[in-house]
Amino acid sequence: MSSTNLDTVKNAKKTPHQPQPYAELGMKDDEYARVREILGRRPTSAELAIYSVMWSEHCSYKSSRAHLKQFSEKAPATDVLLVGMGENAGVVDVGDGWAVTFKIESHNHPSYVEPYQGAATGVGGIVRDILTMGARPVAVMDSLRFGRLDAPDTHRVLPGVVAGIAGYGNCLGLPNVGGEVYFDDSYAGNPLVNALCVGVMRADGIKLAKADGPGNKVVLFGARTGGDGIGGASVLASATFESEGGTKRPSVQVGDPFAEKVLIECCLEIFAADLVVGIQDLGAAGLSCATTELAAAGTGGMDVDLDLAPLRDPTLRPEEILMSESQERMMAVVTPRHLDAFMAVCAKWDVTATVIGTVTDTGRLRMRWHGEQIVDLPPRSAAHEGPVYERPIERPYDQDALIEHDGHDLPRPRNGSELRATLLRLAASSNLADKSWITDQYDRFVMGNTVLAQPEDAGMIRLDESTTRGVALSTDGNARYTRLDPYAGAQLALAEAYRNVASTGARPLAVTNCLNFGSPEDPSVMWQFTEAVRGLADGCQVLGVPVTGGNVSFYNQTGATPILPTPVIGVLGVIDDVTRRTPQAFRTDGALVYLLGDTLDEFGGSEWQHVAHGYLGGRPPAVDLAREQLLADILINASRDGLIDSAHDLAEGGLAQALAESCLRGGAGVRVILPEDADPFVALFSESTGRAIVSVPRSEEIRFTDMCTARRLPFARIGVIDLLVPNLEVQGQFSVQLRELRSAWSSTIPAQFE
Amino acid sequence: MSVRVGVVTFPGSLDDRDAARAVRIAGAESVSLWHGDPSLHDVDAVVLPGGFSYGDYLRCGAIARFAPVMEAVVAAAADGLPVLGICNGFQVLCESHLLPGALIRNDHRKFVCKEQALRIENTSTRWTSEYRESQEIVIPIKNGEGGYVADERTLDELEANGRVVARYVDGNPNGSYRDIAGICNEAGNVVGLMPHPEHAVEALTGPGTDGLGFFLSLAGVAAA
């Protein structure tokens with residue numbers, strides 16, 4: 001490049017009035033003015049690139065940060081948190097010197113533009129976050145939302161997203177052990193792809209993203225930098241698709257899972273030999289983010305020769321190199337003493353590694369391009385001191401009407417045959433139907449530590465073959481509940497994930513979250529967001545499970561219409577002995593089926609309301625976190641003491657759907673006798689929370705019921721498992737052969753895509 | 001002295017640690033072999049594990065075939081060394097011409113991961129002697145390009161000489177000709193198998209322990 005085109009620091013000082021395209025890069029007038037104030041001059045174009053991406057909503061959390069503080073302020077007292085929020089991912093102590101790190105992150109917009117690559121690089125990005133903490137990634141899961149199952153664009157987006165997750169995750173050798181898939185019109189132009197990864201390490205092996213020690217070397221390693229995803233962070237994540245005019249729609253990043261697999265093994269070998277001072281992955285905002293964050297967290301300064309960065313496309317300008325979101329790249333800080341050993345490990349794995357800079361104590365991030373100074377800024381100003389907005393908040397005008405019209409007069413099934421039809425219709429509905437067409441495209445066996453995988457209540461992974469210790473993970477989110485009451489909706493998602501983890505026998509320990517909402521510039525969306533954050537923070541405080549990290553995704557909307565507010569909550573639990581895990585399937589002939597918890601007439605936001613009447617109104621089921629804790633205690637103790645041999649939480653579709661799933665999972669029939677005083681419809685389809693069904697071997701019945709009685713958990717014996725008669729029978733109401741039920745449940749999704 | 005079984009790691013191998021674990025659970029000693037090292041380190045048998053060697057961006061196994069370690073494997077296989085290629089390893093064996101035929105994209109064009117029933121058709125190979133003739137087993141299958149194809153004459157030869165080691169039952173998961181899940185060479189020391197026995201060696205983490213027989217079959221190999 002001719003140096004005449006290069007915007008150097010010297011040039012910037014000489015030409016203070018040169019117009020700059022900050023608005024096109026998504027910066028507001030006052031944000032640009034603030035950059036000028038920080039620098040005492042106009043930024044160079046390279047500096048403008050850095051600030052524009054670092055101060056984007058995606059990287060700076062400028063609309064959410066003021067609210068997310070609650071997760072720290074209300075954090076419950078806990079001694080399990082080794083690394084809290086703010087790092088690449090939180091780290092949880094799971095005992096015996098083991099630590100686990102986990103996080104969920106969105107890749108929504110890229111997955112709409114280019115479903116395969118968008119979803120694939122979503123997996124790649126979250127895996128690198130986990131790797132960066134010093135952990136071996138050991139499992140992934142995905143929380144997905146699409147438009148209506150039969151919508152034409154769903155047929156474009158879903159197969160691509162699923163193939164992308166499979167293509168990338170399978171090639172990394174990470175088992176996919178859970179997640180969720182939901183369909184709703186509101187996601188038709190804006191699918192949600194939230195990817196979660198969990199990693200395992202020894203507690204003394206934690207790595208942090210900081211550039212300490214003047215004179216230490218800054219090494220860029222992994223894939224070469226290309227032109228993919230340029231501007232992705234600031235433009236893709238901050239503007240909606242419908243906006244007209246000059247918004248550039250940059251290419252989505254392209255993933256190379258093989259490069260990432262090799263990078264994982266290379267990094268783990270580097271960690272094992274203790275060769276790095278600090279490490280950071282390159283994700284959104286690429287080199288801009290890695291350099292400013294590493295420098296800001298460390299001694300405070302860094303000198304970088306940007307022209308040394310290995311390129312895939314030699315014509316890239318320095319601004320583009322700084323903004324590129326090319327995948328499978330990492331940056332490490334290495335002492336001169338360890339540099340040769342570091343480079344030798346990279347060479348062993350054929351990973352390109354290049355020293356591009358040095359740590360300094362100047363307090364400045366300085367970059368040169370062929371010897372000329374093009375960046376000279378205080379790194380904290382870009383990484384941590386971006387704008388913070390208190391966006392206007394207003395309760396949506398239709399919120400009261402939505403709650404008031406609660407659908408109590410919607411016609412309900414009146415007899416056994418109508419109840420039977422409702423069961424089959426719900427089981428075959430898109431949200432409750434069998435998802436194995438999707439999940440059978442994911443490898444769940446690799447690594448040999450998968451104890452439970454989808455469709456179990458939670459995924460469970462043994463930490464290592466040397467131990468019986470394991471972790472369980474579940475993600476949940478119910479957007480219709482959240483639309484009706486965002487405070488309760490976030491807590492309901494938390495409660496369900498918590499309950500799912502406990503159903504497998506694991507004790508819930510910590511929380512991650514991915515908050516998917518519309519535009520923060522819409523006051524009613526901002527109301528939904530702030531209510532959900534408050535609900536989640538309060539809920540975590542009561543349940544004693546801290547938020548360890550997460551991700552906010554705004555601007556999920558089509559035109560002016562936002563998606564349903566969708567907080568997706570991930571809960572991680574620990575189990576001492578994975579051989580004690582409780583599966584979902586009915587499997588023991590003659591075992592007794594117990595329903596735990598209380599059932600009320602609660603149909604606001606229910607699957608029945610949605611499927612049978614296309615209706616949404618009323619209040620979501622009441623939240624009772626104390627009850628959730630009690631139920632979890634019972635489920636965990638019963639698992640540990642061998643009192644139950646199956647457990648399944650009750651959620652969408654209520655008792656009927658849970659019974660259907662446990663029957664189908666085990667290929668076992670059940671005879672159900674509903675409590676005498678119960679309204680059969682309410683008993684079968686209400687979505688009251690804090691409930692689960694368990695099967696209890698007859699030999700353990702007294703011990704189990706004694707425990708429930710002592711702890712004052714309501715319980716009711718509702719049936720018996722019958723391995724010989726493959727029917728789901730509700731006495732006095734109806735009976736369905738499992739063959740018919742399975743056919744209804746399992747043919748919905750394949751019928752759309754085969 | 002226990003049997004020493006080498007497990008090769010190519011860049012992009014995924015099931016190498018699973019294969020090593022299976023070897024250990026079967027009572028043998030596992031030895032890591034590196035793709036760039038032409039020595040087999042005096043092992044008594046070799047497993048080429050599943051995964052995506054070198055990314056498999058060309059044809060599956062097409063680049064792994066040229067790894068230095070494969071020269072040694074091909075030579076030793078000719079001398080009777082037991083070699084088991086699982087999934088990607090099967091693809092590498094076909095690309096190396098240790099086994100006939102090829103593995104192509106699944107007929108339904110999706111990756112498939114499920115518990116799969118197989119019938120063991122040949123129990124006289126070095127890797128299947130622990131099984132009963134026609135024994136049905138269930139082990140995981142997981143592949144994107146697992147459709148076994150060969151010309152009619154090759155298929156007839158394989159059938160005639162008992163070289164179809166395992167066949168899919170209760171449904172063909174990938175469009176393999178004649179439901180073939182695994183084959184062996186004429187001598188029976190080289191076996192290629194698309195499903196994954198190494199993922200069925202512990203009841204806790206697999207569909208059962210039906211896969212263990214492949215690794216237990218090696219007992220006595222060192223003495224032989």
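User: In which sense do strands β3(A) and β6(A) pair?
Analyst: In this predicted model, strand β3 covers residues 98-106 of chain A and is joined to β6(A) over 9 bridges. The sense of the pairing is antiparallel.

User: Which residue of β6(A) stands opposite Ala139(A)?
Analyst: Strand β4 (residues 136-146) of chain A is also joined to β6(A), by 9 bridges, and the two run antiparallel. Ala139(A) has its opposite residue in β6(A), namely Val198(A).

User: Why is strand β6(A) described as largely enclosed by the rest of the structure?
Analyst: Strand β6 comprises residues 192-202 of chain A. A residue counts as buried if 20 or more other C-beta atoms lie within 10 Å of its own. The strand is largely enclosed because the number of its 11 residues that are buried is 10.

User: At what angle do helices α7(A) and α8(A) pack, and how far apart are their axes?
Analyst: Helix α7 spans residues 115-132 of chain A, and it passes α8(A) in a right-handed crossing. The packing angle is about 40°, and the axes are 7 Å apart.

User: How do the residues of the contact of α7(A) with α8(A) divide by class?
Analyst: From α7(A), the residues involved include Ala119(A), Ala120(A), Val123(A) and Val127(A). On α8(A), the residues they meet include Val157(A), Gly160(A), Val161(A), Gly164(A) and Leu172(A). The division is 12 nonpolar, 7 polar and 1 charged.

User: Which elements of chain A give two or more residues to the side that touches chain B?
Analyst: The contact takes 25 residues from chain A and 22 residues from chain B. By class, the side of chain A has 11 nonpolar, 7 polar and 7 charged residues. The elements that give two or more residues to this side are α8 (152-172), α10 (257-272) and β14 of chain A.

User: Which strands form the edges of the open sheet of 6 strands in chain A?
Analyst: The order of this sheet is β14-β15-β16-β21-β17-β18 (chain A), and its pairing is mixed. Neighbouring strands are turned by 20° against each other on average, direction ignored. An edge strand pairs on one side only, and this holds for β14 (450-452) and β18 (547-553) of chain A.

User: Which residue of β18(A) is the bridge partner of Thr512(A)?
Analyst: Strand β17 (residues 507-516) of chain A pairs with β18(A) in the parallel sense, over 6 bridges. The bridge partner of Thr512(A) in β18(A) is Gly549(A).

User: Across which strands does helix α20(A) lie, and at what angle does it run to β17(A)?
Analyst: Helix α20 consists of residues 523-543 of chain A. The strands it lies across are β17, β18 and β21 (566-575) of chain A, and its angle to β17(A) is about 175°.

User: What span does α20(A) reach from its first C-alpha to its last?
Analyst: The helix has 21 residues, and 30 Å is expected at 1.5 Å a residue. Just after α20(A), Gly544(A) takes a positive phi of about 75°. The span of α20(A) is close to the expected value, at 30 Å.

User: What is the strand order of the open sheet of 7 strands in chain A?
Analyst: The pairing in this sheet is mixed, and its edge strands are β23 (646-649) and β28 (734-737) of chain A. Within the sheet, β22 (residues 592-596) and β25 (residues 692-696) of chain A pair in the antiparallel sense over 5 bridges. The strand order is β23-β25-β22-β26-β24-β27-β28.

User: Is Arg109(B) buried or exposed?
Analyst: Arg109(B) lies in the loop between β5 (102-104) and β6 (112-120) of chain B. Its phi is positive, at about 65°, although it is not a glycine. Because Arg109(B) has 9 C-beta neighbours inside 10 Å, it counts as exposed.

How values were computed:
Residues numbered from 1 in each chain as written. Chains lettered and ligands numbered in written order. Predicted model: local features only at pLDDT ≥ 70, side-chain atom pairs only at ≥ 80, totals over all residues. Pairing = 2+ DSSP bridges. Helix = DSSP H or I, 4+ residues; strand = E, 2+ residues; numbered from the N terminus. Axes fitted to C-alpha atoms, helices over the stretch in contact; angles between N-to-C directions. Contact = placed C-beta atoms within 7 Å. Nonpolar A, V, L, I, M, F, W, Y, C, P; charged D, E, K, R; others polar. Expected span 1.5 Å × (residues − 1). Buried ≥ 20, exposed ≤ 12 C-beta atoms within 10 Å, placed from the backbone. Left-handed = near helix turned anticlockwise from the far one by under 90°.
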